[in-house]
Amino acid sequence: KEGLTKTRDQFVTKVEEILTGRRKIDEDLYEELEEVLIRSDVGVTTSLELVQRLRQEVKKRKLSEAQELREVLKEEIADLLGEEVPLQFAESGPSVLLVVGVNGVGKTTTIGKLAHYFQDEGKKVILAAGDTFRAAAIDQLEIWGQRAGVEVIKQREGADPAAVAFDAIHYAKTRSVDLIIMDTAGRLHNKVNLMEELKKVKRVIEREIPGAPHEVLLVLDATTGQNALQQAKIFQEAAGVTGIVLTKLDGTAKGGVVLGIQGEVKIPVKWVGVGEGMEDLRPFVPQDFANALFS
Ligand code: GDP
């Protein structure tokens with residue numbers, strides 16, 4: 001699978017190295033596996049949990065050959081990733097997809113890709129420029145709006161993001177828009193203000209459209225490994241994240257962070273970014289990921 005090549009090369013090659021040959025299952029083997037998992041950014045907690053599950057299965061199935069672990073590991077990874085969780089939409093009227101994340105993770109690019117994706121599906125999409133903190137963020141969003149061929153609702157730099165949300169919702173209601181994708185600020189150095197701002201934006205959306213936002217997508221950069229895991233915890237608390245978009249999976253050999261996120265924060269990864277272009281976004285299918293790792 002695209003975007004996974006590097007992860008597969010590093011992670012799976014290492015796993016294969018450990019498991020091949022006529023090796024027996026022993027304590028050293030478990031330790032080596034643990035190390036490979038941790039080094040692939042799976043995270044310590046999830047790595048330990050995975051290896052613990054392997055031990056149990058080995059006992060239960062009375063396995064003794066290292067090679068037999070390959071299938072068990074694949075099953076346990078698939079199990080950890082769980083079922084695909086579909087995106088939620090409004091039954092009628094506009095749906096709101098709120099996009100949150102720290103600056104630089106690929107939030108704007110992801111919004112452009114999502115706009116293109118849903119537009120392609122026949123939905124009428126608009127963007128809302130809710131990162132009013134930086135003029136450049138508004139400009140960048142406009143560029144993506146033009147590329148994707150969708151309207152961008154904006155106000156000037158420094159405007160209240162909640163007011164932008166209000167405008168966008170009003171526009172959407174009067175012009176039968178199906179989907180509002182809303183950008184938000186990502187300046188984490190001022191964490192308290194940022195989180196308050198997100199909560200306010202959410203309140204306005206909830207008030208204007210009961211049941212909205214239908215999705216709160218958190219954008220995380222796969223190349224930042226354990227930082228991504230930390231960000232997930234912070235945003236989950238403040239914004240009630242319903243799904244994750246993991247970007248730059250094409251640029252890392254550490255796709256294991258997907259497992260760490262599922263294992264520790266239990267938020268489903270719903271999309272992955274595999275490049276800088278408008279088409280480089282893929283719905284994340286957990287079982288495919290598990291299969292692709294070992295194919
Ligand atoms: P923002 O500050 O979070 O809005 O980040 P941007 O959307 O401006 O993206 C930051 C950089 O990451 C840009 O150079 C993007 O082209 C790049 N980028 C975004 N998503 C991906 C991806 O999936 N793969 C790769 N390789 N680059 C990406």
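I call a residue buried under 20% relative accessible area, exposed over 50% and partly exposed in between, with a 1.4 Å probe and protein chains only. By that rule Val100 is buried, because its relative accessibility is 0%.

Before going on, I note the ground rules. This is a predicted model, in which local features need pLDDT of at least 70 and side-chain atom pairs count only at pLDDT 80 or more, while totals for chains, interfaces and linings use all residues. Residues are numbered from 1 along each chain as its sequence is written, and side-chain values use heavy atoms, with hydrogens and water left out.

I looked up where Val100 sits, and it is in strand S1. Helices (H or I, at least four residues) and strands (E, at least two) are DSSP runs, numbered from the N terminus. For contacts I take heavy atoms within 4.5 Å. Skipping residues up to four places away in sequence, Val100 touches Lys107, Thr184, Leu198, Val216, Leu217, Leu218, Val219 and Phe235. I also checked Val100 against His214: they are 114 residues apart along the chain, and their C-alpha atoms are separated by 14 Å.

Leu217 was next, in strand S5. Leu217 is buried too, at a relative accessible area of 0%. Its contacts, again leaving out residues up to four places away in sequence, include Leu97, Val100, Leu114, Ile244 and Trp271. Val241 is 24 residues from Leu217 in sequence, and the two are 6.0 Å apart, C-alpha to C-alpha.

**Aromatic rings**

How many aromatic pairs does the structure hold? I get five. Rings of Phe, Tyr and Trp (its six-membered ring) pair if their centres lie within 6.5 Å; planes under 30 degrees apart are stacked, over 60 edge-to-face and the rest tilted.

I started with Phe89 and Phe118, whose ring centres are 5.7 Å apart with planes at 80 degrees, so the pair is edge-to-face. This pair links distant parts of the chain, since Phe89 is in the loop between H4 and strand S1 (95–100) and Phe118 is in helix H5 (residues 107–120), 29 residues apart. Phe89 is partly exposed at 32% relative accessible area, whereas Phe118 is buried at 2%.

Phe118 also pairs with Trp271: centres 6.0 Å apart, planes at 80 degrees, so that one is edge-to-face. Here the partners are 153 residues apart, with Trp271 in strand S7 (residues 269–273). Trp271 is buried, as is Phe118. Ring pairs link Phe89, Tyr117, Phe118 and Trp271 into a cluster.

**H3 against H10**

I wanted the angle between helix H3 (residues 44–61) and helix H10 (residues 257–264). Their axes come within 8 Å and cross at roughly 85 degrees. Axes are lines fitted to C-alpha atoms, for helices over the stretch in contact, with angles from 0 to 180 degrees between N-to-C directions. H3 and H10 are therefore roughly perpendicular; the cut-offs are under 35 degrees for roughly parallel, over 145 for roughly antiparallel, 65 to 115 for roughly perpendicular and oblique for the rest. From H3, Thr45, Thr46 and Leu50 meet Leu259, Gly260, Gly263 and Glu264 of H10. I sorted these contact residues into two nonpolar, four polar and one charged. Nonpolar covers Ala, Val, Leu, Ile, Met, Phe, Trp, Tyr, Cys and Pro, charged covers Asp, Glu, Lys and Arg, and the others, Gly among them, are polar.

**Glu76 and the annotated stretch**

Is Glu76 buried or exposed? Glu76 counts as buried, because its relative accessibility is 8%. Glu76 lies in helix H4 (residues 69–81), and touches Leu50, Arg53, Leu54 and Glu57, residues up to four places away in sequence not counted.

UniProt, in an unreviewed entry, places a "coiled-coil region" at residues 56–83. Over residues 56–83 I find 68% helix and 0% strand, with the end C-alpha atoms 22 Å apart.

Most residues other than glycine have a negative phi, and most peptide bonds are trans. I noted a cis peptide bond joining Ala212 and Pro213, with omega about -10 degrees. Pro213 is in the loop between helix H8 (191–208) and S5.

Asp41 has a positive phi, near 70 degrees. Asp41 is in the loop between helix H2 (27–39) and H3, and is buried at 10%. Lys266 also has a positive phi, of about 55 degrees. Lys266 is in the loop between H10 and S7, and is exposed at 59%.

Conventions: UniProt positions are given in the numbering used here, feature names are shortened, and annotations may be inferred rather than shown by experiment.
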